Amino acid sequence: MKCPIRVAALTVVIALLAGADLFACGDKFLVSSRGTRYQRPKNARAASILIYANPSPDMPAVLGSPRMQSVLEHQGHHAVTVKTFEQLSAVLSSGRFDVVLAASDVAAKIRQLFAGASYAAVVVAVDAAPKAASVLNAIDKAVEQRDQDLRRNRTRS
């Protein structure tokens with residue numbers, strides 16, 4: 001008599017525990033700890049970024065800050081910071097970068113370094129006090145533009 005009651009009780013317990021995972025299509029979003037994530041996803045293509053952080057008074061202090069480096073690394077980008085124009089030209093000649101972040105007043109001078117180069121990095125001019133989100137959007141657009149330019153150059157040759 002005790003054995004059938006135990007089997008029936010065990011069956012009821014198993015049925016109750018197994019029934020908790022049987023949700024309809026949208027019900028899984030109503031359960032705590034299973035919500036939708038609304039963070040910005042990491043970029044599908046991580047960019048190699050060169051930051052020209054010239055210590056002049058016109059230069060935004062945000063560019064050379066460790067916070068900007070950590071924001072870029074958190075998004076999956078690889079960033080290198082240089083302080084002088086000589087370092088900038090040496091690093092640009094030795095390595096390939098997708099994006100160069102620089103102040104608005106020196107952006108044209110940096111673009112002249114890439115005159116005629118097919119692998120030229122996109123120079124993003126940064127205003128006085130940029131926000132991290134606006135810099136990330138500008139980097140994403142610059143990477144897309146550079147990829148399109150490289151595809152165009154490959155189809156021509």
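Me: What do the buried residues of H5 pack against?
Reply: They pack against strand E1 (48-52), helix H2 (66-74), strand E3 (99-103) and strand E4 (122-126). Packing rests on contact, meaning heavy atoms within 4.5 Å. This is a predicted model: local features need pLDDT of at least 70, side-chain atom pairs count only at pLDDT 80 or more, and totals for chains, interfaces and linings use all residues. Residues are numbered from 1 along each chain as its sequence is written, and side-chain values use heavy atoms, with hydrogens and water left out.

Me: Which residues of H5 are buried?
Reply: They are Val135, Leu136, Ile139, Asp140, Ala142, Val143, Arg146 and Asp147. Buried means under 20% relative accessible area, exposed means over 50%, and partly exposed lies in between (1.4 Å probe, protein chains only).

Me: How do you know that the span of H5 agrees with its number of residues?
Reply: The expected span of a helix is 1.5 Å times one less than its number of residues. Helix H5 (residues 132-156) has 25 residues, so it should span 36 Å. Its end C-alpha atoms are 36 Å apart, which agrees.

Me: What makes a stretch a helix or a strand, and how many are there in the protein chain?
Reply: Both are DSSP runs, numbered from the N terminus: a helix (H or I) has at least four residues and a strand (E) at least two. The protein chain has 5 helices and 4 strands. From the N terminus on, the order is α-β-α-β-α-β-α-β-α.

Me: In what order do the strands form the sheet?
Reply: The 4 strands form an open sheet in the order E2-E1-E3-E4, with parallel pairing. Strand E2 (78-82) and E4 stand at the edges with a single partner strand each, so one side of each is left without a neighbour in the sheet. Neighbouring strands of this sheet are turned by 25 degrees against each other on average, direction ignored. Axes here are lines fitted to C-alpha atoms, for helices over the stretch in contact, and angles run from 0 to 180 degrees between N-to-C directions.

Me: How do you know that E1 and E2 pair?
Reply: Two strands pair if DSSP finds at least two bridges between them. E1 and E2 are joined by 5 bridges and run parallel. Ile49 stands opposite Ala79 in E2, and Thr81 in E2 is the bridge partner of Ile51.

Me: How many bridges does E3 share with E1, and how many with E4?
Reply: E1 and E3 pair in the parallel sense over 3 bridges. Ile51 stands opposite Leu101 in E3. E3 and E4 also pair in the parallel sense, over 5 bridges. There, Val99 has Val122 in E4 as its bridge partner.

Me: Why is E1 called largely enclosed?
Reply: Because 5 of the 5 residues of E1 are buried, it is largely enclosed by the rest of the structure. Both faces are covered: Ser48, Leu50 and Tyr52 are buried on one side, Ile49 and Ile51 on the other.

Me: What about E4, enclosed or open?
Reply: 4 of the 5 residues of E4 are buried, so E4 is largely enclosed by the rest of the structure.

Me: Which strands does helix H3 lie across?
Reply: Helix H3 (residues 85-94) lies across E1, E2 and E3. It runs at about 160 degrees to E1.

Me: What makes a set of residues a nonpolar core?
Reply: Its members are buried Ala, Val, Leu, Ile, Met, Phe, Trp, Tyr and Cys residues joined through side-chain atoms within 4.5 Å. The largest such core has 19 residues, and Ile49, Ile51, Leu72, Val99, Leu101 and Ile139 touch the most other members. E1, H2, E3, E4 and H5 each supply at least two residues of this core. H5 gives the largest share, 5 residues. A second, separate core has 15 residues, including Tyr52, Leu88, Phe97 and Ala102.

Me: Why is Ala102 called buried?
Reply: Ala102 has 0% relative accessibility, so Ala102 counts as buried. Its place is in strand E3.

Me: Which residues does Ala102 touch?
Reply: Leaving out residues up to four places away in sequence, Ala102 touches Tyr52, Leu63, Ile110, Val124, Ala125 and Val126. Ala102 and Tyr52 are 50 residues apart along the chain, yet their C-alpha atoms are separated by 5.2 Å.
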